[in-house]
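Here are my notes on the model, in the order I went through it. Have it open while you read.

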Amino acid sequence: MSTEEIKEYIGTQLKALTSIASPTGFTKNATDYLMKQLEAMGYAPQLSNKGNVSVEIGGVGAPLVLAAHVDTLGAMVRSIKDNGRLRPTTIGGHQWSTADGENCMVFTRDGRMYTGVVLNTEPSAHVADEKVETKEENMEILLDENVNDKQGVAALGIQTGDIIAMDPRTVITESGYIKSRFLDDKLSAAILLGVAHAVKEEGWKLNRKVTLLFTVYEEVGHGGSFVPADTEEMISVDMGCVGADLGCTEHMVSICAKDSGGPYNYELVTELSNLAKSEGLDYAIDVYPHYGSDVEATLHSGYDIRHGLIGAGVYASHNYERSHMDGVENTYKLLRKYITK
């Protein structure tokens, strides 16, 4: 497979994954999709009680886990207001300032879906005496239905605890830019599907036993709390941060040296960065001051492992995010070299 073919495959998988609403706690449709894709490739994926998907893709010895998460930020119906609008509560580190005016979907427990829009309690510039602060208590969901009271909403089957998901608006431009909500971390999940696909199609000779792990509770802190007992090393493949005081761009693979949970394994960070350098990849080593990953949940669960974190550079995290196919390519090539060297 050519580089362009694998990037096209990853882009197709990204669009498919982002089209599946999967805020934390509402991930079954996403994991069903992963199971079907991996089974179609000829693998035997496993679904845990918790909902994580794991699959061995080959190799022997020195077990390595590559993890990405498919749960996303989102919201839940906290209550139904007297005027028929929904009061939301955040799932994960969702920022309401990035969702004001965004289209959304509401999923009921009996399988129905309704569309709506997220707005603050007085969004009209021609009416508001003062600007309303975009914080959770001032936000509401306006359903695209002719309802204006609690009874009307209840008749639709909507109730407290129903899931609210934002429109991902996924676009891949001709120049290679990837724009979407939830590139954190469906972009990395798509890259891992690309790795699994290439192992089968190209017959990669793996240098160790490699397991791919797709987790579903990362955004609330415990996605990677359980991994195979023989795991010796684990790399979270998550978004690389782009912003002030950081070296990474959307075109690079980022290698994290430290985040809010402390430093990553020094030897592993060094090995990954040396490999990226020797392969001529565009990369940066960075520190993420406000970040946590699946592999830290694994460590907190008591596993004795080496741990690392890499990912394609993503700008505007927890917002309408942007990356580039160059970052995808550099991340994919670093993973390929690391597990086949």
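1. Are arginine 208 and glutamate 233 buried or exposed? Both are buried, where buried means under 20% relative accessible area, exposed over 50% and partly exposed in between, with a 1.4 Å probe and protein chains only.

2. Before going on, the ground rules: this is a predicted model, so local features need pLDDT of at least 70 and side-chain atom pairs count only at pLDDT 80 or more, while totals for chains, interfaces and linings use all residues. Residues are numbered from 1 along each chain as its sequence is written, and side-chain values use heavy atoms, with hydrogens and water left out.

3. Back to that pair: the side chains of arginine 208 and glutamate 233 form a salt bridge at 3.0 Å, N to O (a side-chain nitrogen of Lys or Arg within 4 Å of a carboxyl oxygen of Asp or Glu). Arginine 208 sits in the loop between helix H4 (183-202) and strand S12 (210-215), and glutamate 233 is in strand S13 (residues 233-237), so the contact ties together parts 25 residues apart in sequence. Helices (H or I, at least four residues) and strands (E, at least two) are DSSP runs, numbered from the N terminus.

4. Next, arginine 322 and glutamate 250 pair up, with their closest N and O atoms 2.6 Å apart. This links distant parts of the chain, 72 residues apart: strand S19 (residues 321-324) holds arginine 322, and the loop between strand S14 (240-242) and strand S15 (253-259) holds glutamate 250. Arginine 322 is partly exposed at 30% relative accessible area, whereas glutamate 250 is buried at 10%.

5. Then there's glutamate 271 with arginine 306, closest N and O atoms 3.3 Å apart. Here helix H5 (residues 266-278) is joined to strand S18 (residues 306-315), the two residues being 35 apart. Glutamate 271 is partly exposed at 24% relative accessibility, and arginine 306 is partly exposed at 27%.

6. The structure holds 19 salt bridges. Worth a look as a group: Glu4, Lys7, Glu329 and Lys333 are linked in a salt-bridge network.

7. Finally, the inside. There is one cavity of 30 Å³ or more, a cavity being a set of points on a 1 Å grid over the protein atoms alone where a 1.4 Å probe fits but cannot get out. Lining residues (an atom within 4 Å of a point) include Leu73, His94, Arg181, Asp184 and Glu321.

Methods: On a 1 Å grid over the protein atoms alone, a cavity is a set of points where a 1.4 Å probe fits but cannot get out, and a pocket is an open set with protein on both sides within 12 Å along at least five of seven lines; lining residues have an atom within 4 Å of a point. Grid points are joined across faces, edges and corners, and a volume is the space filled by probe spheres set on the points.
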